Amino acid sequence: MNYLSVENLTKSFGERILFSKLTFGINQGQKIAIVAKNGSGKTTLLKCLMDRESIDEGRIVYRNGIRISFMEQSDKFDAESSIYEVLLDHDLPEMKAIKKYKEAEIKKDEILLQQSYNELSELNAWDFESKLNLVLTKLDIKNPEQKIKTLSGGQKKRIALAKVILSDADLLFLDEPTNHLDLDMIEWLESYLSSSNSTILMVTHDRYFLEVVCDAIFELSNKTLFKYNGNFSYYLEKKAEREEQLKSTIEKAKNTFRKELDWIRRQPKARGTKQKARIESFEVTKKVASQKTQSKELELLVKMNRLGSKIIELHKIGKAFGDKRILDNFSYNFQRKERLGIVGNNGAGKTTFLNLILQKEEVDKGKIIIGDTIVFGYYSQELIKVSDQKRVIEVIKDIAEYIPLEKGKELSAAQLLERFLFPKEMHYQLVKKLSGGEKRRLKLLTVLMSNPNFLILDEPTNDLDIFAMAVLEDYLRAFQGCLVVVSHDRYFMDKMVDHLFVMNGNGQIKDIVGNYTVYRKEQKELSKKTKNTNIKKESTVIKEKNKLSFKEKEEFKTLETEIEVLEKEKKEITNKLSDSSFNGEELNAMGKRLSKIVDEIEIKSDRWLTLSEYN
């Protein structure tokens, strides 16, 4: 079933064409990602599809009756609204009923309470409230009554994501859904969306997310759309094949172009019909031969500053903020060519740990010794702080004109810009005209241009497209110094680090040899082992014997009677909740009793099933 059809979609800003004559469709159940370089128009395309941005030409047609929800990178919520009010601001009848009920509770309006109770029962919206609580828990939204104006940017992002999930829409548009989520949240969202029945069109740079969730990849490149019906691995494979074919086509066109150019130059000005056809063919060949392909040639063997025998030593250091301990009596000596990843939930102290190494913060106890030869390069999460009126190449040249390579070679600022996907036409562009991702890439270059031998990267892949991340990974693979990375990008961590510091938030750090996938595998195995141990402990008493004791037999009979009575009471209360003769206070009491009955039935049923195995 087709949900969306797009035909010949074109969008430009002034003379700059973002995309031209895009044609594609989205069918029910598909989970599609759009990938492209920063500034190519991914977000603009989503906004065009949602009619939040005008189009130059083309048609966008949705199937009648489908519900659509859009999560932007920065949602503008009413600052005075509570989290609950924002999440329940939907046209869904279930949400309206829950919102009405909560308003009635606040106002203590018995008539409104009675009406909302009836609506909730008729719509069976109690299940929806359970889903609401689950999403709040998984996205670490602890106080739903909190005002939006008190939230951080990351918290608002999680609210926007929760709102979209709860919309129960048929078609979801998601713009960078994993930004500002910690690793546990990302994995939960990954699992939720991959098993969801929703149809999804998303923009994301999380490559594991693309691998697990998506069944099709649309690449926006050179103002057109290339479609790949498969996950991220399939996309990489087929993209490489397409580029190889394109290179072959261009090479053939160049050979033909040389021959035809010689013929054109030798011909007189007056030509016949046959010659005109050949001239037209020459123009087509010229266009093909003029195409450029992106070559992978990032063999940057940088001659970095010499590293001495002493790198960085941490001697029994401690750090706390009030009652919150970040580090407690922690010691570690960094080695040459160290490749360390740091993971932990938000608030565990990852950035504080980096600031201690950089001596931007002081330890409460212990000592940090920095080697004499250490030259730090630090990439923080903050945006680049330079004048908007500066040109891109000026920003880099302010750091250095050249970066030294091995064997006496050098790489100029302009050459490094090109290697990091800033083409020549962008070198003299003003910083203010760069996209968020381009500004982050420029900041990263200023760090690398300083030629450090101890590189610290705090969330380096945020807002970088997958192409820029591939370039950064190529650079870091050739980097001979020490590397410390904090990142929620699992794919990046797997490729870059040899071991992990796991910060658990209580002052302790666990050192795990291996990459992020090794760490998560160990975690899951430990969780499974703990769960199995608990199950064994619970069933040991019964499993050790072949039959029930007299007391347990009596309990088994009693449970059958009690469950039957509870089921009868549950049915009676459910019927009463639809009766308009009860006031709000009575309905409230019945609702609470119904909730307790459901819990009791579940507990007693589990016990009955356990005993029934030995009866």
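E410 sits in strand β16, residues 410-412; strands here are DSSP runs of E with at least two residues, helices are runs of H or I with at least four, and both are numbered from the N terminus. Before going further, please note that this is a predicted model, in which local features need pLDDT of at least 70, side-chain atom pairs count only at pLDDT 80 or more, and totals for chains, interfaces and linings use all residues. Residues are numbered from 1 along each chain as its sequence is written, and side-chain values use heavy atoms, with hydrogens and water left out.

Back to E410: its C-alpha is 9.2 Å from that of K303, although 107 residues separate the two in sequence.

| Residue | Contacts, leaving aside neighbours within four places in sequence |
|---|---|
| E410 | Y402, I403, L405 and Q415 |
| S487 | I342, E459, P460, T461, F492 and M493 |

S487 belongs to the loop between β18 (482-486) and α16 (490-496). Its relative accessible area is 2%, so S487 is buried (buried means under 20%, exposed over 50% and partly exposed in between, using a 1.4 Å probe and protein chains only). A polar atom of the S487 side chain lies 2.9 Å from the backbone nitrogen of D489.

Now for the whole protein. It has 19 helices and 20 strands, and 46% of its 615 residues count as buried. Of the contacts between residues at least 6 apart in sequence, 69% join residues at least 24 apart.

Helix α11 (residues 350-357) is largely enclosed by the rest of the structure, because seven of its eight residues are buried. Those buried residues are K350, T352, F353, L354, N355, L356 and I357. Just after α11, Q359 adopts a positive phi of about 60 degrees.

Finally, a helix pair. The axes of α6 (residues 153-166) and α7 (residues 183-195) come within 13 Å and cross at roughly 15 degrees. That makes the two helices roughly parallel, a term for angles under 35 degrees. The axes are lines fitted to C-alpha atoms over the stretch in contact, with angles from 0 to 180 degrees between N-to-C directions. On the α6 side, R158, L161 and I165 meet M185, W188, L189 and Y192 of α7. These contact residues divide into six nonpolar, no polar and one charged; Ala, Val, Leu, Ile, Met, Phe, Trp, Tyr, Cys and Pro count as nonpolar, Asp, Glu, Lys and Arg as charged, and the others, Gly among them, as polar.

Note on methods. Parallel < 35°, antiparallel > 145°, perpendicular 65-115°, else oblique. Contact = heavy atoms within 4.5 Å. Polar contact = N/O pair within 3.5 Å; in protein donor to acceptor, adjacent residues only side chain to side chain.
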